[in-house]
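Please view the sequence and the structure together.

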Amino acid sequence: MKEKIEQILAEVKTFKAENKDALEQFRIAYLSKKGALTELFTEFKQVAPEMRKEMGMRLNELKNTIQTIVDEQQKQFETTGESKTDLDLTLPVDAMSGARHPLSVVREEINDIFRRLGFVIADGPEIEDDYHVFTALNFPLDHPARDMQDTFFISKNPNENKPTDVLLRTHTSSVQVRAMEANKMPIRIIAPGRVFRNEAISARAHCIFHQIEGLYIDKNVSFADLKQTLYHFVQEYFGEGTKVRFRPSYFPFTETSAEMDISCNICGGEGCNICKHTGWVEIMGCGICDPNILKASNIDPEEYTGFAFGMGVERIAMLKYQINDLRMFFENDLRFLKQFENA
């Protein structure tokens with residue numbers, strides 16, 4: 001038996017499989033139930049007691065050696081592979097198919113314009129608390145925006161004087177609050193992001209949409225600074241000659257407040273369902289920061305002033321690409337999306 005073990009050991013140490021099939025045949029010949037090792041272990045039962053310890057050690061050594069050879073050569077085939085191909089896998093790939101979503105294109109274009117004006121991108125959580133969405137922005141406890149018809153609440157605690165509601169943010173103004181809390185002056189940010197409101201879905205509204213809001217706080221910031229910033233954005237994005245008008249409005253977090261309209265480039269000012277047949281389309285709200293929201297973030301309104309603005313990305317995209325139904329941005333219709341492959 002000793003001679004058989006030494007003979008098999010010599011054979012297996014010189015074995016080199018050419019492919020996976022040859023390696024499998026080797027494994028079957030030695031390690032299977034009908035293989036050489038099984039026969040040796042059967043023969044081991046007849047070995048004299050005084051020889052069993054030595055023969056047992058030699059058998060286990062042989063088994064471990066064969067198993068190691070199988071494992072190592074198996075790893076080699078898995079790493080290098082057996083098949084050969086005429087393809088050069090190091091060559092660069094062709095341009096990727098597909099296209100960016102139109103909302104992504106518009107968002108980046110808007111971001112780039114404001115970056116050139118010195119604004120930086122800021123981000124914040126989509127699941128927010130009542131304080132950052134409402135309270136810090138000067139919303140009274142009885143403001144309609146706190147009601148269920150506008151806001152998606154995750155958990156609601158209406159019985160406290162200081163609500164601790166958790167909700168999906170209704171605007172990216174909450175990012176502005178977090179920027180003010182950092183209290184690093186001056187502040188010049190834009191906050192792009194997805195927002196949520198409990199609204200009926202139609203050609204002009206959706207329960208999910210995207211905003212880009214801006215905030216600039218420094219010493220001696222005026223409404224003239226706000227108007228010049230937004231005039232520059234409109235002329236650069238929509239083209240020179242685009243008409244602009246400001247209308248007085250109300251927002252809890254700005255005073256003075258305004259809504260800004262531009263001439264509708266879908267109908268050329270003649271009237272359509274997007275501009276409600278007026279020839280004008282509202283693209284954003286804006287205004288001078290209310291002193292109360294500065295105080296809430298420990299910013300001295302006697303020393304600092306600022307302005308804020310916010311626009312809907314879908315509205316800008318509809319004007320740019322002359323799309324008359326907002327729902328098309330969310331339906332993932334390939335016929336629609338393929339139109340933006342070169343955008």
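Which residues in helix 5 meet which residues in helix 8? V106, E109, I110, I113, F114 and R116 in helix 5 meet T229, H232, F233, E236 and Y237 in helix 8, where contact means heavy atoms within 4.5 Å.

This is a predicted model, in which local features need pLDDT of at least 70, side-chain atom pairs count only at pLDDT 80 or more, and totals for chains, interfaces and linings use all residues. Residues are numbered from 1 along each chain as its sequence is written, and side-chain values use heavy atoms, with hydrogens and water left out.

**Helix 5 and helix 8**
- Helix 5 (residues 102–116) and helix 8 (residues 223–238) pack at an angle of about 130°, and their axes are 11 Å apart.
- Helix 5 and helix 8 are therefore oblique to each other (angles under 35 degrees count as roughly parallel, over 145 as roughly antiparallel, 65 to 115 as roughly perpendicular and the rest as oblique).
- The crossing of helix 5 past helix 8 is right-handed.

**Strand 10 and its partners**
- Strand 10 (residues 305–312) is largely enclosed by the rest of the structure, because seven of its eight residues are buried (under 20% relative accessible area, with a 1.4 Å probe and protein chains only).
- Strand 6 (residues 208–218) runs antiparallel to strand 10, joined by eight bridges; L215 stands opposite A308 in strand 10.
- Strand 9 (residues 280–289) also runs antiparallel to strand 10, with five bridges; C286 has F309 in strand 10 as its bridge partner.
- Two strands pair if DSSP finds at least two bridges between them.

Note on methods: Axes are lines fitted to C-alpha atoms, for helices over the stretch in contact, and angles run from 0 to 180 degrees between N-to-C directions. Helices (H or I, at least four residues) and strands (E, at least two) are DSSP runs, numbered from the N terminus. A crossing is left-handed if the near helix is turned anticlockwise from the far one by less than a right angle, and right-handed if clockwise. Buried means under 20% relative accessible area, exposed over 50%, partly exposed in between (1.4 Å probe, protein chains only).
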